[in-house]
Amino acid sequence: MALNLLILGGTTEATALGAAVADAGLSGTVSFAGRVERPGRQSLPQRIGGFGGVAGLRDYILAHGVTHVVDATHPFAARMSHNAVSACAGADVPLIALTRAPWDAQPGDNWICVPDIAGAVAALDRPPARVMLAVGRMHLNEFAPNPQHFYLLRLVDPPGALPPFRDHHVLVSRGPFAQADDRALMEAHGIGLVVSKNAGGAGAYAKIAAARALRLPVIMIDRPAVPARLEAHSVAEVMAWLGHGADLGV
Ligand code: NAP
């Protein structure tokens, strides 16, 4: 049976995998939730929007003759990852996750580790500070309980609604970012504190390295739990799992 891949996307890794799959002459589709207005350029056909929970994803897999699923979503997209495990089991289709290792604190880092967004909100219950809040627009309202701070918000798209903060600045920009640029940005806005998800990977690390260089504390939000599944950490590993490792010299 010809291979027909479904890549659950929304990350640079998913885009890179799509390019490798297309280069290898394989069939596949990249799926987006539809959170950003313009997903980056894709080498494979794409579909946009939720599937409708576990049952919807299972039905999609069966209806489209999907033979393999790669969960290449962001480490914080936990619901999609849960759904993928259940739906693939239900459809009896193999699943692999293309994941990034989390960041570890390095010498010179000053991290305040919190388990989730609520933990970050609680950690911001403190006197006014100038905060770089890099958590994505979906979570801004959860930070409303601490309006005493100035918030520098870096978002992929302009926020749909006005952020719930008296004092803020919105920067619309898509990564990857460079450490020197992020350091200059933090200095320009007099940032004293950074809030970040522990996303892992290179594209969003610049702000963490810049905070270290400026000796700024970082409220680091831990990853949500996801069910056990087969995991790969590189595009080459996924291609090998698909039986096409030789194409990439694996
Ligand atoms: P989530 O909470 O795990 O997902 C919520 C719902 O969105 C899912 O149940 C699913 O709807 C739909 N969905 C999520 N990813 C999808 C995909 N790739 N294709 C089709 N439907 C998808 O996810 P999220 O945190 O909102 O993230 C949404 C997307 O943004 C993901 O694709 C992720 O890779 C990307 N992203 C997320 C973050 C982050 O920090 N969370 C950062 C960068 C990029 P149904 O149940 O209806 O199928």
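Modeller: A residue is called buried at under 20% relative accessible area, exposed at over 50%, and partly exposed in between (1.4 Å probe, protein chains only). Helices (H or I, at least four residues) and strands (E, at least two) are DSSP runs, numbered from the N terminus. The model is a predicted one, in which local features need pLDDT of at least 70 and side-chain atom pairs count only at pLDDT 80 or more, while totals for chains, interfaces and linings use all residues. Residues are numbered from 1 along each chain as its sequence is written, and side-chain values use heavy atoms, with hydrogens and water left out.

Six strands form it in the order 3-2-1-4-5-12, and their pairing is parallel; two strands pair if DSSP finds at least two bridges between them. Strand 3 (46–48) and strand 12 (231–232) are the edges, each pairing on one side only. Strands of a sheet pair through backbone hydrogen bonds, either parallel or antiparallel.

Within this sheet, strand 1 (residues 4–8) is largely enclosed by the rest of the structure, because five of its five residues are buried. In a regular strand the side chains alternate between the two faces of the sheet. In strand 1 both faces are covered: Asn4, Leu6 and Leu8 lie on one side, Leu5 and Ile7 lie on the other, and all of them are buried. Strand 1 is joined to strand 2 by five bridges, and the two run parallel. One of the residues involved is Leu8, whose bridge partner in strand 2 is Ser31. Ser31 in turn has Arg47 as its bridge partner in strand 3, where three bridges hold strand 2 parallel to strand 3.

Further along the sheet order, strand 4 (residues 68–71) contains Asp71. Three bridges connect strand 4 with strand 5, again in parallel, and Asp71 stands opposite Ala97 of strand 5. Strand 5 directs Leu95 and Ala97 one way and Ile96 and Leu98 the other way, and all four are buried.

Asp71 itself deserves attention, since its relative accessible area is 2%, which makes it buried. Not counting residues up to four places away in sequence, Asp71 touches Leu8, Ser81, Ala84, Leu95, Ile96, Ala97, Leu98 and Arg229, where contact means heavy atoms within 4.5 Å. The side chain of Asp71 also makes a polar contact of 2.7 Å with the side chain of Ser81. A polar contact is a pair of N or O atoms within 3.5 Å; within protein, one must be able to donate a hydrogen and the other to accept it, and residues adjacent in sequence count only if both atoms are side-chain atoms.

Of the 22 residues around the ligand, Gly9, Ser31, Phe51, Met80 and Lys197 come nearest; a residue is counted here if one of its heavy atoms lies within 4 Å. Oxygen atoms of the ligand lie 2.7 Å from a polar backbone atom of Phe51, 2.8 Å from a backbone N or O atom of Met80, and 2.6 Å from a polar side-chain atom of Lys197. The protein covers 80% of the 800 Å² of accessible area that the ligand has on its own, computed by the Shrake-Rupley method with a 1.4 Å probe. Strand 2 (27–32) and helix 3 (78–91) are the elements that give two or more residues to the shell, and helix 3 gives the most, with four.

With a relative accessible area of 70%, Asp92 is exposed.

Six of the eight residues of helix 6 are buried, so it is largely enclosed by the rest of the structure. Those buried residues are Ala206, Lys207, Ile208, Ala209, Ala210 and Ala211. They pack against strand 6 (110–114), strand 7 (130–134), strand 8 (150–155), helix 5, strand 10 (193–197) and strand 11. Just after helix 6, Arg215 takes a positive phi of about 60°. Arg215 lies in the loop between helix 6 and strand 11 (217–221), and its relative accessible area of 73% makes it exposed.
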